[in-house]
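The sequence and structure come next.

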Amino acid sequence: MSVDENGERGPLAKVPLLILMGVLLILLSPMNCLCTAGPEQPGSIRVKVLLENENISSSCLGTVVNAGTGAVAFLSPEGDVLSAVVTPGQYDVVVLYPQDASLMPQLLSITVAPGQTVDRSVSLSDHPNVFGMPGDEEDYLAGMPDGDDGPSYFPVFDTGWPDDDGAAKGGDGDWLAPGEEEEPASPLGEVLIEWEATCQTRETQSDYYVFDDSSPYFPGEHSEDMDDHMQVTYSGSCRYKVMGIIDGCFNLEDGQGTVQRIGGGSGHLSQQDLETHLCIRGDKWTERQFKSTRHTSMEHHVKDRDVSPPYVYIYPSVCEIGLPPFYQASDGWTEVIAESRLETCDGVETTSYENTLDSGPPLCELVISQALSSPDFKEQLRFSRPQGADFSISSHAAWDLNRSELGLLGPVDDGVEHYAVQGSLRFSYTVTYTSYPADLEDYDEWMPEADEDGQSRGNSI
């Protein structure tokens with residue numbers, strides 16, 4: 001990764017690294033369309049974002065990911081909505097309000113037909129809507145869809161909710177309509193989640209070639225070596241109180257706990273050139289060889305910024321963790337120091353400079369985005385709910401970078417892969433549910449009491 005005084009890559013390192021520049025533009029540039037080959041007429045997605053019935057779309061951010069190809073586009077403000085022009089297909093859409101980290105990102109799935117404009121509205125809240133949008137055929141509190149091979153998300157035992165042909169009875173004798181439940185005066189229990197997620201990436205490149213006789217610098221040679229790595233760790237513990245049950249899912253209040261995100265990394269790029277130049281001394285031209293070197297070092301940092309904790313969905317037979325996209329390249333910065341030594345006909349020139357880039361490496365963001373949009377990774381965030389009122393379960397999930405999204409080519413003609421990239425996400429968690437004792441009512445009625453005449457047996461517990 002060659003970097004000049006303006007943060008640009010040098011001409012000697014452009015060939016394989018143009019690939020990463022393309023990825024960076026995809027992830028960070030404010031584009032609003034996806035371009036793919038094909039004759040199909042594009043469609044569009046329009047999302048209206050509400051907060052307490054106020055339209056805040058212009059202050060929100062949104063991303064759409066093609067479920068089939070993994071292509072990413074950004075929703076851009078357009079009037080009173082967020083909008084993106086997309087090719088026909090199935091899309092996962094994420095909408096968030098960056099000015100308030102307590103408002104969880106909202107997720108929805110949208111299918112776009114050729115030439116179709118799909119309008120959706122979403123209300124931001126403290127809990128993410130990961131299964132559907134209000135007004136869709138399924139609401140997220142109605143349970144997660146059941147796949148052919150996946151677990152069932154519907155109750156496997158009596159939850160007290162009405163069947164399709166009846167209604168449930170409230171505690172005071174009133175009949176409740178389907179989907180309703182009286183909120184308890186005190187919590188039913190609490191859910192504790194403890195977790196640690198670590199994203200690691202590494203990018204290496206080595207190159208060496210000799211100038212052929214068609215080069216103006218022949219004879220000569222060029223060599224370079226690059227190594228860059230990054231790690232981001234997102235961890236903490238959060239405790240949610242269970243305030244009731246809605247359609248079989250625990251209704252959790254705002255979580256309390258600690259969330260920590262730390263990270264950083266470093267890298268270097270070393271380049272060396274041996275070139276032949278014509279130099280004039282007096283009235284005579286002569287060929288001379290000069291060696292030039294350049295070394296660039298980079299230090300990556302992660303900004304201290306509020307990050308939401310994971311959310312837990314607990315149904316009678318299955319539980320799921322909602323993991324937020326906890327790192328973006330814009331959450332970091334990179335310090336660059338470059339030193340060069342250049343030999344010329346007039347002598348030796350040395351230069352050095354320092355610069356700070358406003359973002360960190362984008363590879364961790366790509367790894368996390370791939371994982372959160374992968375059905376395989378999402379399945380690792382689900383687990384069967386253990387039998388019994390209280391439970392505690394620990395598990396983990398893993399994802400490795402899908403290199404195909406980078407458009408990387410195989411080894412070159414000499415059979416050696418000069419550029420390599422690695423990335424992984426490892427997530428471990430423990431979820432514990434503890435129920436509270438039921439409130440005791442009519443205390444005096446069940447206390448032991450003797451009969452008035454002292455001869456007969458009194459009541460019993």
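## Confidence

Where pLDDT is low, the predicted coordinates should not be read in detail.

Across the protein, the mean pLDDT is 77. A pLDDT of 70 or more is reached by 70% of the residues.

## Basis of the values

This is a predicted model: local features need pLDDT of at least 70, side-chain atom pairs count only at pLDDT 80 or more, and totals for chains, interfaces and linings use all residues. Residues are numbered from 1 along each chain as its sequence is written, and side-chain values use heavy atoms, with hydrogens and water left out.

Side chains of opposite charge can pair when their charged atoms come close. A salt bridge here is a side-chain nitrogen of Lys or Arg within 4 Å of a carboxyl oxygen of Asp or Glu. The whole structure holds nine salt bridges.

One of them joins Glu190 and Arg239, at 2.6 Å from N to O. Glu190 sits in strand β11 (residues 189–210) and Arg239 in strand β12 (residues 221–246), so this pair ties together parts 49 residues apart in sequence. Strands are DSSP runs of E, at least two residues long, numbered from the N terminus. Glu190 is buried, at 16% relative accessible area, while Arg239 is partly exposed at 37%. Buried means under 20% relative accessible area, exposed over 50%, and partly exposed in between (1.4 Å probe, protein chains only).

Asp227 and Arg202 form another salt bridge, at 2.5 Å from N to O. Asp227 is in strand β12 and Arg202 in strand β11, so the pair ties together parts 25 residues apart in sequence. Asp227 is buried at 18% relative accessibility. Arg202 is partly exposed at 41%.

## Other salt bridges

Which residue does Arg382 meet in a salt bridge? The partner is Glu379, at 3.0 Å from N to O. Arg382 has a relative accessible area of 24% and is partly exposed. Glu379 is partly exposed too, at 33%. Elsewhere, salt bridges with shared partners join Arg261, Arg305 and Asp331 into one network.

## Nonpolar surface patch

Leu278, Ile280 and Trp285 make up a nonpolar patch on the surface. Together they have about 350 Å² of accessible area, computed by the Shrake-Rupley method with a 1.4 Å probe; for residues, only the protein chains shown count as cover. Patch members have over 30% relative accessible area and no salt bridge; like charges are joined within 9 Å, nonpolar side chains (Val, Leu, Ile, Met, Phe, Trp, Tyr) within 5 Å. Ile280 lies in strand β14 (residues 256–281). Ile280 is partly exposed, at 48% relative accessibility.

## Two neighbourhoods

Lys291 belongs to strand β15 (residues 284–302). Lys291 is partly exposed, at 39% relative accessible area. Beyond four places in sequence, contacts of Lys291 include Gln272, Asp273 and Arg341.

Leaving out residues up to four places away, Thr198 touches Gln231, Val232, Thr233, Ser424, Leu425 and Arg426.

Notes
Helices (H or I, at least four residues) and strands (E, at least two) are DSSP runs, numbered from the N terminus. pLDDT is the predictor's confidence in each residue, from 0 to 100. Contact means heavy atoms within 4.5 Å.
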